[in-house]
Amino acid sequence: MTELEFRVFDTHEFRVGEDQDGTFDGIACQYGKKDSYGTTFHPGVFRRGIDKGSYAYLWMHSPYTPIGTFRADEQSNLLHIGGAYDDTQDGRDKRAMARSGSARELSVGFVRTDLPPWEKLAEMGDDDRADALDNIRSARLVEVSQITARMAAVPGSKLKTVRSALGALYTEAGEPTLAERLADYDRAHGRDTETLHRQMELRRRRAAALKLATAGG
């Protein structure tokens, strides 16, 4: 199964051009650093998951509100993006908001490609399962969004990269999430992994809060 997720990192490396061409560039993902969800992106994570062409630069993860385009470049310890705002009212407004600081946070959407089928994951021991879930070694880049201040998972972050499970926005309605599948399996097999499931539930609730904010915007 595939779930679209997002992540944020504490980096100040984001620049909006002073000229009228509306360019911007910055760090979309840092490798080797544990984020607020307890997961770590590893070098080369997007090696096979980046398109050579342009990506849509969105507002608050809404496919109905594109505000520009960007290209992604994976480097040894980070994922760099560079692009330009659209010359539209939305593009000009969001560029002004990024420069003022009212919407100076960046959210990157990705789909993990390193996880085994959920059935195999469910049968793993606690340590092996935690290692698989907490270490992201391969993923496909989907989009990057600009979001409003303090929506990011890491307090104090500046136009950076966010990650949270918004799978319900992009998968079939009613399809169980990975966390729900694992929880059901463990309950059925009398397995005591409540700590892990509480962590996954916390991630789901954070995602739901961001989803509501996105839908309401």
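Trainee: Which backbone oxygen does the side chain of Q146 reach?

Mentor: The side chain of Q146 reaches the backbone oxygen of A103, at 2.9 Å. Keep in mind that this is a predicted model, where local features need pLDDT of at least 70, side-chain atom pairs count only at pLDDT 80 or more, and totals for chains, interfaces and linings use all residues. Residues are numbered from 1 along each chain as its sequence is written, and side-chain values use heavy atoms, with hydrogens and water left out.

Trainee: And which side chain does Q146 make a polar contact with?

Mentor: That's Y57, at 3.1 Å. A polar contact is a pair of N or O atoms within 3.5 Å; within protein, one must be able to donate a hydrogen and the other to accept it, and residues adjacent in sequence count only if both atoms are side-chain atoms.

Trainee: Is Q146 buried or exposed?

Mentor: Buried, because its relative accessibility is 0%. Buried means under 20% relative accessible area, exposed over 50%, partly exposed in between, using a 1.4 Å probe and protein chains only.

Trainee: Where is Q146 found?

Mentor: In strand β10. Strands (E, at least two residues) and helices (H or I, at least four) are DSSP runs, numbered from the N terminus.

Trainee: New topic: what's the strand order in the open sheet?

Mentor: β1-β8-β10-β5-β6-β7-β3-β2, eight strands with mixed pairing. Two strands pair if DSSP finds at least two bridges between them. The edge strands, β1 (4–7) and β2 (14–16), each pair on one side only.

Trainee: How many bridges join β3 to β7?

Mentor: Seven, and these two strands run antiparallel. For F24, the bridge partner in β7 is G83.
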